[in-house]
Amino acid sequence: MDQAIWGAVIVAAGSGERFGSGIPKQFLPMKGKTVLDWSLDVFMRMDAVTEVVVVTPARKELWEPLWSPPADIRTVAGGSRRQDSVMAGLRALQSVDHVLIHDAARPLL
(Lines give C-alpha, C1' and ligand atoms only; values in the text may rest on other atoms or scores of the structure.)
Protein backbone atom coordinates (compact mmCIF):
# COMPACT_ATOMS: atom_id res chain seq x y z
CA MET A 1 0.00 0.00 0.00
CA ASP A 2 1.27 3.47 -0.87
CA GLN A 3 2.07 6.02 1.81
CA ALA A 4 -0.54 8.82 2.00
CA ILE A 5 0.65 12.28 1.01
CA TRP A 6 -0.31 14.99 3.48
CA GLY A 7 -0.57 18.72 3.03
CA ALA A 8 -1.24 21.47 5.54
CA VAL A 9 -3.16 24.72 5.24
CA ILE A 10 -2.40 27.26 7.94
CA VAL A 11 -5.02 29.98 7.93
CA ALA A 12 -3.44 33.31 8.92
CA ALA A 13 -5.75 35.68 7.07
CA GLY A 14 -7.63 37.12 10.04
CA SER A 15 -7.47 40.79 10.94
CA GLY A 16 -7.24 40.27 14.70
CA GLU A 17 -9.72 43.11 15.35
CA ARG A 18 -11.25 41.47 18.44
CA PHE A 19 -7.78 41.02 19.90
CA GLY A 20 -7.38 44.80 19.82
CA SER A 21 -3.62 45.12 19.31
CA GLY A 22 -3.66 46.83 15.91
CA ILE A 23 -1.56 43.95 14.57
CA PRO A 24 -3.13 40.61 13.64
CA LYS A 25 -2.23 38.28 16.53
CA GLN A 26 -0.77 35.61 14.24
CA PHE A 27 2.03 38.06 13.35
CA LEU A 28 2.81 39.19 16.89
CA PRO A 29 6.12 38.08 18.44
CA MET A 30 6.03 35.32 21.03
CA LYS A 31 9.23 34.01 22.61
CA GLY A 32 11.47 35.06 19.71
CA LYS A 33 9.28 34.26 16.69
CA THR A 34 5.82 35.05 15.42
CA VAL A 35 2.73 33.23 16.67
CA LEU A 36 2.33 31.90 13.12
CA ASP A 37 5.87 30.50 13.07
CA TRP A 38 5.17 28.35 16.14
CA SER A 39 2.48 26.47 14.19
CA LEU A 40 4.40 26.49 10.94
CA ASP A 41 7.43 24.90 12.59
CA VAL A 42 5.34 21.94 13.78
CA PHE A 43 4.05 21.18 10.30
CA MET A 44 7.46 21.64 8.70
CA ARG A 45 8.91 19.01 11.06
CA MET A 46 6.29 16.40 10.15
CA ASP A 47 7.76 13.88 7.72
CA ALA A 48 4.33 12.98 6.34
CA VAL A 49 3.52 16.60 5.43
CA THR A 50 5.05 17.29 2.04
CA GLU A 51 3.42 20.64 1.33
CA VAL A 52 2.40 23.62 3.48
CA VAL A 53 0.35 26.62 2.35
CA VAL A 54 -0.11 29.69 4.54
CA VAL A 55 -3.20 31.77 3.82
CA THR A 56 -2.43 35.43 4.52
CA PRO A 57 -4.49 38.62 4.56
CA ALA A 58 -5.24 39.75 1.01
CA ARG A 59 -3.65 43.15 1.66
CA LYS A 60 0.09 42.42 1.72
CA GLU A 61 0.89 45.65 3.57
CA LEU A 62 -0.85 44.14 6.62
CA TRP A 63 1.58 41.25 6.93
CA GLU A 64 4.71 41.65 4.79
CA PRO A 65 6.40 44.10 7.22
CA LEU A 66 5.71 41.63 10.05
CA TRP A 67 6.50 38.18 8.64
CA SER A 68 8.64 36.66 5.91
CA PRO A 69 7.68 33.16 4.82
CA PRO A 70 10.40 30.54 4.53
CA ALA A 71 11.53 29.95 0.94
CA ASP A 72 9.74 26.61 0.61
CA ILE A 73 6.37 27.86 1.93
CA ARG A 74 3.72 29.05 -0.49
CA THR A 75 1.41 31.89 0.55
CA VAL A 76 -1.98 32.72 -0.91
CA ALA A 77 -4.37 35.57 -0.23
CA GLY A 78 -7.32 34.82 1.99
CA GLY A 79 -10.93 35.77 1.44
CA SER A 80 -13.44 37.86 3.31
CA ARG A 81 -14.68 34.89 5.38
CA ARG A 82 -12.76 32.08 7.07
CA GLN A 83 -14.34 29.51 4.76
CA ASP A 84 -13.14 31.50 1.73
CA SER A 85 -9.62 31.56 3.16
CA VAL A 86 -9.64 27.81 3.81
CA MET A 87 -10.84 27.19 0.25
CA ALA A 88 -8.04 29.40 -1.13
CA GLY A 89 -5.52 27.31 0.81
CA LEU A 90 -7.03 24.04 -0.40
CA ARG A 91 -6.95 25.21 -4.00
CA ALA A 92 -3.28 26.17 -3.66
CA LEU A 93 -2.23 22.65 -2.66
CA GLN A 94 -0.67 20.78 -5.54
CA SER A 95 -0.81 17.05 -5.00
CA VAL A 96 -1.91 15.67 -1.65
CA ASP A 97 -4.22 12.90 -0.47
CA HIS A 98 -5.08 14.37 2.93
CA VAL A 99 -5.05 17.87 4.40
CA LEU A 100 -4.53 19.24 7.89
CA ILE A 101 -6.10 22.67 8.46
CA HIS A 102 -4.93 24.84 11.32
CA ASP A 103 -5.63 28.35 12.62
CA ALA A 104 -2.36 30.31 12.84
CA ALA A 105 -3.59 32.28 15.84
CA ARG A 106 -3.54 29.06 17.92
CA PRO A 107 0.20 28.43 18.34
CA LEU A 108 0.18 25.65 20.92
CA LEU A 109 -0.39 22.86 18.45
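**Charges**

I began with the charges in this predicted model. I counted Lys and Arg as positive and Asp and Glu as negative, leaving out His and the chain ends. I placed each charge at NZ of Lys, CZ of Arg, CG of Asp or CD of Glu. The protein has 12 positive and 12 negative charges, and their mean positions lie 8 Å apart.

**Ground rules**

Residue numbers start from 1 along each chain as its sequence is written. Local features need pLDDT of at least 70, side-chain atom pairs count only at pLDDT 80 or more, totals for chains, interfaces and linings use all residues, and side-chain values use heavy atoms, without hydrogens and water.

**Fold**

I looked up the secondary structure next and found 2 helices and 6 strands. Here helices (H or I, at least four residues) and strands (E, at least two) are DSSP runs, numbered from the N terminus. From that end, the order is β-β-β-α-β-β-α-β. The radius of gyration is 14 Å, close to the 13 Å from the globule rule for 109 residues, so the protein is as compact as a globular protein of that length. I took this radius over C-alpha atoms; the rule is 2.2 Å times the number of residues to the power 0.38. The C-alpha trace spans about 50 × 30 × 25 Å along its principal axes.

**Contacts and surface**

I noted contacts (heavy atoms within 4.5 Å). Of those with a separation of 6 or more, 64% join residues 24 or more positions apart. The accessible surface, by the Shrake-Rupley method with a 1.4 Å probe, is about 6700 Å². Carbon and sulfur atoms hold 52% of that surface. Buried residues (under 20% relative accessible area) make up 38% of the 109 residues.

**Aromatic rings**

How many aromatic pairs does the whole structure hold? I found 2. Rings of Phe, Tyr and Trp (its six-membered ring) pair if their centres lie within 6.5 Å; planes under 30 degrees apart are stacked, over 60 edge-to-face, the rest tilted. Phe27 and Trp67 have ring centres 6.3 Å apart and planes at 45°, so this pair is tilted. The pair links distant parts of the chain, 40 residues apart. Phe27 sits in the loop between β1 (6-11) and β2 (29-30), and Trp67 in the loop between β4 (49-56) and β5 (74-77). Phe27 is buried at 2% relative accessible area, and Trp67 is buried at 3%. Trp63 and Trp67 have centres 5.8 Å apart and planes at 50°, so I logged this pair as tilted too. Trp63 is buried, as is Trp67.

Terms used:
Buried means under 20% relative accessible area, exposed over 50%, partly exposed in between (1.4 Å probe, protein chains only).
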